Amino acid sequence: MLLYHGTSERVARLAMAQGLSPRVDSGVTSTWEENPSSGDHVYLTTAYAGYFAMNAADPEERWAIIEIDTDLLPDRESLMPDEDWLEQVSRSQELPEEWGVNGASMEVRTAWFRENLWRFAHLWEDSIEGLGNCAYEGAIPPEAITGTDTARARRCVASTLTPAIMPSRPMSV
């Protein structure tokens, strides 16, 4: 399966030679300050690469989209669902009491799912189908990167206008 990662041109050039590292290894801070994504994962998408590139690149930088072939990843078991998808599709469900998230806020639930992605690894393809996103635990080697494309910001605006990132259908976790 082909998945995409939105970033800056500078990061894309480095990724072609060195691979794509999670934030914890690269020293980059999360784009999402209030609810940061996992620092141990690289997030991949079929739907929002342009939007993520817009948020990752500095205003003067070109945006880049990196293409990753999941069949070339060294450990497909490191593919995980997106924690936002897990939180969204589980909202109307009564979850196991020992998880301690029933009745909790969206932020608390999302944080719990972020810390427990490994429990739901078998749902990564459902996360792609339902939200368009998933996560890969660890670094993506350059051998799994099958291409990149760059564009100037003004040519991409229409494709990145603040999308509604939400599941396409309900599902049980």
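Me: Before I look at the loops, how are helices and strands defined here?
Reply: Helices and strands are DSSP runs, numbered from the N terminus. This model is a predicted one. In the protein chain, the secondary structure comes to seven helices and six strands, and along the sequence they follow the pattern β-α-α-β-α-β-β-α-α-α-β-β-α.

Me: Good, that helps. Where is E77 found, then?
Reply: Look between β3 (63–69) and β4 (79–81): the loop there holds E77.

Me: Is E77 buried or exposed?
Reply: The general idea is that exposed means over 50% relative accessible area, while buried means under 20%. E77 has 67% relative accessibility, so it counts as exposed. E77 also belongs to a negative surface patch, together with D40, D75, E115 and E137.

Me: And F120, is that residue buried or exposed?
Reply: F120 counts as buried because its relative accessibility is 5%. You will find F120 in a loop too, the one between α5 (106–115) and α6. Its C-alpha atom is 6.8 Å from that of M80, although the two residues are 40 apart along the chain.

Me: How much of the protein chain is buried?
Reply: Of its 173 residues, 47% are buried.

Me: Which residues have the most contacts inside the largest nonpolar core?
Reply: Those are L44, I68 and I140, in a core of 18 residues. At least two core residues come from each of α1 (9–18), β2 (41–45), β3, α6 (124–130) and β5 (133–137). The largest share belongs to β3, which supplies three residues.

Note on methods. Residues are numbered from 1 along each chain as its sequence is written. This is a predicted model: local features need pLDDT of at least 70, side-chain atom pairs count only at pLDDT 80 or more; totals for chains, interfaces and linings use all residues. Side-chain values use heavy atoms; hydrogens and water are left out. Patches are made of residues with over 30% relative accessible area and no salt bridge: like charges are joined within 9 Å, nonpolar side chains (Val, Leu, Ile, Met, Phe, Trp, Tyr) within 5 Å. Accessible areas come from the Shrake-Rupley method with a 1.4 Å probe; for residues, only the protein chains shown count as cover. A salt bridge is a side-chain nitrogen of Lys or Arg within 4 Å of a carboxyl oxygen of Asp or Glu. Lys and Arg count as positive and Asp and Glu as negative; His and the chain ends are not counted. The place of a charge is taken as NZ of Lys, CZ of Arg, CG of Asp or CD of Glu. Helices (H or I, at least four residues) and strands (E, at least two) are DSSP runs, numbered from the N terminus. Buried means under 20% relative accessible area, exposed over 50%, partly exposed in between (1.4 Å probe, protein chains only). A nonpolar core is a set of buried Ala, Val, Leu, Ile, Met, Phe, Trp, Tyr and Cys residues joined through side-chain atoms within 4.5 Å.
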